[in-house]
Each structure stands twice: as structure tokens, then as C-alpha cells.
Amino acid sequence: MGRVSGEGQPVDYDRLLDAETWAFVRRTAESYPEDAVSLSIEGQRQVYDAMCRAFHAGRPEGVQAEDRDANGVPVRLYWAGQPTRTVVYAHGGGFVLGGLDSHDDVCAEICARTGYRVVAVDYRLCPEYRHPAQLDDCLAAVGWAETEFGDPIVLAGDSAGGNLMAAVTHRLRGQRREIWGQVLIYPLLSARPEAPSYREHAEAPMLSTADVAFYQSVRFDGPVPQGDPGWAPLSDSDFAGLPPTVAVTAGCDPLRDDGRDYCAAITAAGGRAAWINEEGLVHGYLRARSSVTRAADSFERITLAIEALGQGLWPYD
């Protein structure tokens, strides 16, 4: 099942991915085929929702959940005991797919592992609502969490959600001292075809560069904005003053270098940032955390990063 990179050099995914990861890729394809972006938007949502239901692992015992309204934005609140920290989480799905149910078990497990409350944001989706509607909803949810709980906040999100949470930190830089850190999971931060990972993994399992281009194309009415960190955080000209950042990427993913370059930019500007690249994993591996050892180990690192940032700790020096 090897593929060919954008430079014509073969990428031996049979060697890079272990048997557990290939089983995850095949199981995903049973619900969500590789050519899903060719379906209508409604068709894409139907197969994506079916896939998420198939992988849903349930909520850990002791975690409670309640749907709330956050300044007009639907959110789902998770808690166990008496939490003193808040995680605001934005789900992945290419800005087109997903919602409160697609990442329900992920958010519940983050709550159980860290002891923090989690606020999952049900932001408006493209193409019915174009950029910056998604960012506006995340900003509203963060503001609501600050007012409602008054606790230190860690921002987290995967894929498109990682993009949105990073955009939130750029927008609120210098305004909100309550944001203690951000943990970005295989985030889309630029979509730059010149980055090595975009060429090397142009046809990677689970996400191709053609998929990335489609998801970006439906975000805007008119031309793509230039130099706007609200849609592409890596396009910012200033990376100073951002909160401590951990970016966790998949080794076999066109988005891999976004996390690397984002952390490098923050570090160069005098900030704290750690890039963790998970070799042998593919985009979307959060759903594999109960079946793939590498994904389970990475999820442990992700939750430990969230917990550490919420305590003001930096274990990456």
C-alpha cells in the first residue's frame, strides 16, 4: 500500500505504518472512504458522523456532561469532581464536519485524565458559514469560559480545531492572562505546498494535500486572505507573547511541518514551544487511541501536556 510523494519519490507506508495502524486505516475506510471529499457536503457529514459513532469509546466512569449555551455558541461541558482548570476544545473535521458528538469521548477522556473541566465548542461549519464565523464562535466560547469559571484556561484542538485554537491565541495575545497554554494536535496552520511534508506525504493515508486544498477552499467567499493569522496562524509576522505551546503531529501527514514550523517561530521569538512528532502515525489518530499502541502512547503525551500547562509547568526544556 505504498504511495508516491509529490516529488515522485516513493513513500513506503507499508514500512512506516505498523499492522495496528493499517488496521485503523482500513477500519476508517469502511465508514469514511478516501474519496469522501467528492461527496456532497451532506454526504460527507453522514459518512463522517457514522465513522465517529463506530469509533466512539464511551465516556469514562465519573465524568458528567451537560450541553450549555456559551454566549450564543452551543458547547458541551464535561467535569468530574471539583475542577480548578478549564480546557476549551475545538474539534477537527476540516471546518466542514464534526460537532459535539464527533469528539465526545475524546473530550470526556481528557477530563478524566487531567481532572480539568472541558468545554467542547460546537462552532458553525463551512460552507454554510464562512470564515471568520468559526473563529468568532471559539472566541465567544473562550470568553464565556473565562467569565463562567474564572479558572486558568488551556486551549486544545485537533486538525481544524488546532487551527482555530491557535488563531484564538493570536487574536487574544496581550489581552487574556487566563490562557496558560495551548496544545495543538496535528494542526492545520498554513497549508503551504512548499513545506517538505506537503510534498512527501501528498498522498498519505487518511489525509492528502488534495483534501487539505478542498477544506481550505470552502472557508472563504472570494480570495484567500493573505498575512492573516486568523485563518493561518503561521502567516503571522510576530510570534512573541504567545502562551506556552505544545504541537503534536503525525509523522505520515502533510500537516506535519506546520506544527514544527509554528513551534520554531514561537521559540525564535523568545517563547516556549515544544514540537512532538509521532512517527508512524497518520492524521486523525485520536480515534485510534484504544486500538493502536502508538496512538495510545501519544494520547498519554497529549493529556500530560494539557495537565502540565494547566499547572504552569513546562517539562520540555
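Visitor: In which hand of crossing, left-handed or right-handed, does helix 5 pass helix 6?

Guide: In this predicted model, the axes of helix 5 and helix 6 come within 9 Å and cross at roughly 70°. That angle makes helix 5 roughly perpendicular to helix 6, since angles of 65 to 115 degrees are counted in that class. As for its hand, the crossing in which helix 5 passes helix 6 is right-handed.

Visitor: How many nonpolar, polar and charged residues does the contact of helix 5 with helix 6 have?

Guide: On the side of helix 5 the contact is made by Gln-134, Leu-135, Cys-138, Leu-139 and Val-142, and on the side of helix 6 by Leu-164, Met-165, Ala-167, Val-168, Arg-171 and Leu-172. Sorted by class, the contact of helix 5 with helix 6 comes to 1 charged, 1 polar and 9 nonpolar residues.

Visitor: Which peptide bonds are cis, the one joining Cys-126 and Pro-127 and the one from His-131 to Pro-132 being the two to examine, and what is omega in each?

Guide: Most peptide bonds are trans. Pro-127 is placed in the loop between strand 6 (117-121) and helix 5, and Pro-132 is likewise placed in the loop between strand 6 and helix 5. The bond that joins Cys-126 and Pro-127 is cis, with omega about 0°, and the bond from His-131 to Pro-132 is cis, with omega near 15°.

Visitor: Is Ser-159 buried or exposed?

Guide: Ser-159 is found in the loop between strand 7 (153-158) and helix 6, and its phi is near 55°, a positive value in a residue other than glycine. Its relative accessibility is 10%, and because buried means under 20%, Ser-159 counts as buried.

Visitor: Is Asn-71 buried or exposed?

Guide: Asn-71 lies in the loop between strand 3 (64-70) and strand 4 (73-79), and it has a positive phi of about 55° although it is not a glycine. Its relative accessible area is 53%, and since exposed means over 50%, Asn-71 is exposed.

Visitor: Which residues of helix 9 are buried?

Guide: Helix 9 comprises residues 256-268, and its end C-alpha atoms are 19 Å apart, in agreement with the 18 Å that its 13 residues should span at 1.5 Å a residue. What covers the buried residues of helix 9 includes helix 6 (160-172), helix 7 (196-200), strand 8 (179-185), strand 9 (245-252) and strand 10 (273-282). After helix 9 comes Gly-270, whose phi is positive, near 95°. The buried residues of helix 9 are Arg-256, Asp-257, Asp-258, Gly-259, Asp-261, Tyr-262, Cys-263, Ala-265 and Ile-266.

Visitor: At what angle do helix 4 and helix 10 pack, and which residues make the contact?

Guide: Helix 4 (residues 104-114) and helix 10 (residues 293-310) have axes 10 Å apart and pack at an angle of about 60°, and they are therefore oblique to each other. From helix 4 the contact is made by Val-106, Glu-109, Ile-110, Arg-113 and Thr-114, and from helix 10 by Phe-299, Glu-300, Thr-303, Ile-306 and Glu-307. By class this contact of helix 4 with helix 10 has 4 charged, 2 polar and 4 nonpolar residues.

Visitor: How do the residues of the contact of helix 2 with helix 3 divide into nonpolar, polar and charged?

Guide: The axes of helix 2 (residues 19-31) and helix 3 (residues 41-55) come within 8 Å and cross at roughly 135°, which makes helix 2 oblique to helix 3. The contact is made by Phe-24, Arg-27, Thr-28 and Ser-31 of helix 2 and by Val-47, Ala-50, Met-51, Ala-54 and Phe-55 of helix 3. These residues divide into 1 charged, 2 polar and 6 nonpolar.

Definitions and conventions: Residues are numbered from 1 along each chain as its sequence is written. This is a predicted model: local features need pLDDT of at least 70, side-chain atom pairs count only at pLDDT 80 or more; totals for chains, interfaces and linings use all residues. Side-chain values use heavy atoms; hydrogens and water are left out. Helices (H or I, at least four residues) and strands (E, at least two) are DSSP runs, numbered from the N terminus. The expected span of a helix is 1.5 Å times one less than its number of residues. Buried means under 20% relative accessible area, exposed over 50%, partly exposed in between (1.4 Å probe, protein chains only). Contact means heavy atoms within 4.5 Å. Axes are lines fitted to C-alpha atoms, for helices over the stretch in contact, and angles run from 0 to 180 degrees between N-to-C directions. Angles under 35 degrees count as roughly parallel, over 145 as roughly antiparallel, 65 to 115 as roughly perpendicular and the rest as oblique. Ala, Val, Leu, Ile, Met, Phe, Trp, Tyr, Cys and Pro count as nonpolar, Asp, Glu, Lys and Arg as charged, and the others, Gly among them, as polar. A crossing is left-handed if the near helix is turned anticlockwise from the far one by less than a right angle, and right-handed if clockwise.
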